[in-house]
Amino acid sequence: MFNVGDHVVYPYHGAGTIRDIEEKEVLGEKLLYYVLYFPLNDVTLMLPEDRIDSSGLRKVIEENQLDELIYALQNGIQTKNENPKQYSRENENLLKSGNIIDAAHVVANLSLKEHERTNGLHIQDRKNLDKAKQFLVSELMLANDMTEEEAYEFIDKYVQISQGA
């Protein structure tokens, strides 16, 4: 399954590293826990082994998947929701999926929306855009050995192309 040192993504938390696998006794039962560390947020999380499958934990993307990520950043996905609350909820659900392509779609859509609006994004859209970018950055840092700054530059480079900048 997963090993100490593996770079993984935990939905809505972003990318991190499995630092340890510890055995803990809880209510008289011994359980294995994966100790995950998320460097971008400086957060450590313990995930019980029996919840790994249902948690959505996955390995970070491979370098050969970058083209798909770039395409998603450049193109986004069309949404039919004109209602701002439903639109925000759609974006939140995409982020909760833990899928980097979904997060890239959120970045592309909200960046374009921000570019088209003279007074910027609504507060919830701004939060979703920032969360999506942070999610992408955390994974790019671990998957492609980028610094945080390089990961943000990577995102901006490809989103700007889709906006005609």
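## Terms and overall picture

Helices here are DSSP runs of H or I with at least four residues, strands are DSSP runs of E with at least two, and both are numbered from the N terminus. With that in hand, welcome to the chain, which is a predicted model. Six helices and five strands make up its secondary structure, and along the sequence they come in the order β-β-β-β-α-β-α-α-α-α-α.

The C-alpha atoms fill a box of roughly 60 × 35 × 25 Å, taken along the principal axes. Of the 165 residues in the chain, 44% are buried. If we take the contacts between residues at least 6 apart in sequence, 54% of them join residues at least 24 apart.

## Surface and charge

The chain has an accessible surface of about 9500 Å², and carbon and sulfur atoms account for 45% of this. On the charge side, there are 17 positive and 29 negative charges, and their mean positions lie 8 Å apart.

## Helix α3 and its partners

Helix α3 covers residues 84-96, so to speak a run of 13 residues under the DSSP assignment. From its first C-alpha to its last, α3 reaches 18 Å, close to the 18 Å expected at 1.5 Å a residue. The buried residues of α3 are Tyr87, Ser88, Asn91, Leu94 and Leu95. Seen down the axis of α3, these buried residues fall within an arc of 120 degrees, so they line one face of the helix.

What do the buried residues of α3 pack against? Their partners are α4 (100-116) and α5 (123-143). After α3 comes glycine 98, with a positive phi near 80 degrees.

## Serine 138 in α5

Helix α5 also holds serine 138. Is serine 138 buried or exposed? Its relative accessibility is 5%, and because buried means under 20%, serine 138 counts as buried. Setting aside neighbours within four places in sequence, serine 138 is in contact with Gly14, Ala15 and Leu40.

Let us turn to the loops between strands. Although leucine 27 is not a glycine, its phi is positive, at about 50 degrees. The relative accessibility of leucine 27 is 88%, and because exposed means over 50%, leucine 27 counts as exposed.

Further along, aspartate 42 has its place in the loop between β3 and β4 (43-48). Aspartate 42 is not a glycine either, yet its phi is positive, at about 55 degrees. With a relative accessibility of 57%, aspartate 42 counts as exposed.

## Arginine 19 in β2

Our last stop is strand β2, where arginine 19 lies. Which residues does arginine 19 touch, not counting residues up to four places away in sequence? They are Val4, Val35 and Tyr37.

Proline 84 is 65 residues from arginine 19 along the chain, and the C-alpha atoms of the two are separated by 40 Å. Proline 84 falls in the range of α3, residues 84-96, so named under the DSSP numbering from the N terminus.

Methods: Residues are numbered from 1 along each chain as its sequence is written. This is a predicted model: local features need pLDDT of at least 70, side-chain atom pairs count only at pLDDT 80 or more; totals for chains, interfaces and linings use all residues. Side-chain values use heavy atoms; hydrogens and water are left out. Buried means under 20% relative accessible area, exposed over 50%, partly exposed in between (1.4 Å probe, protein chains only). Contact means heavy atoms within 4.5 Å. Accessible areas come from the Shrake-Rupley method with a 1.4 Å probe; for residues, only the protein chains shown count as cover. Lys and Arg count as positive and Asp and Glu as negative; His and the chain ends are not counted. The place of a charge is taken as NZ of Lys, CZ of Arg, CG of Asp or CD of Glu. The expected span of a helix is 1.5 Å times one less than its number of residues. The arc is that of the directions from the helix axis to the C-beta atoms.
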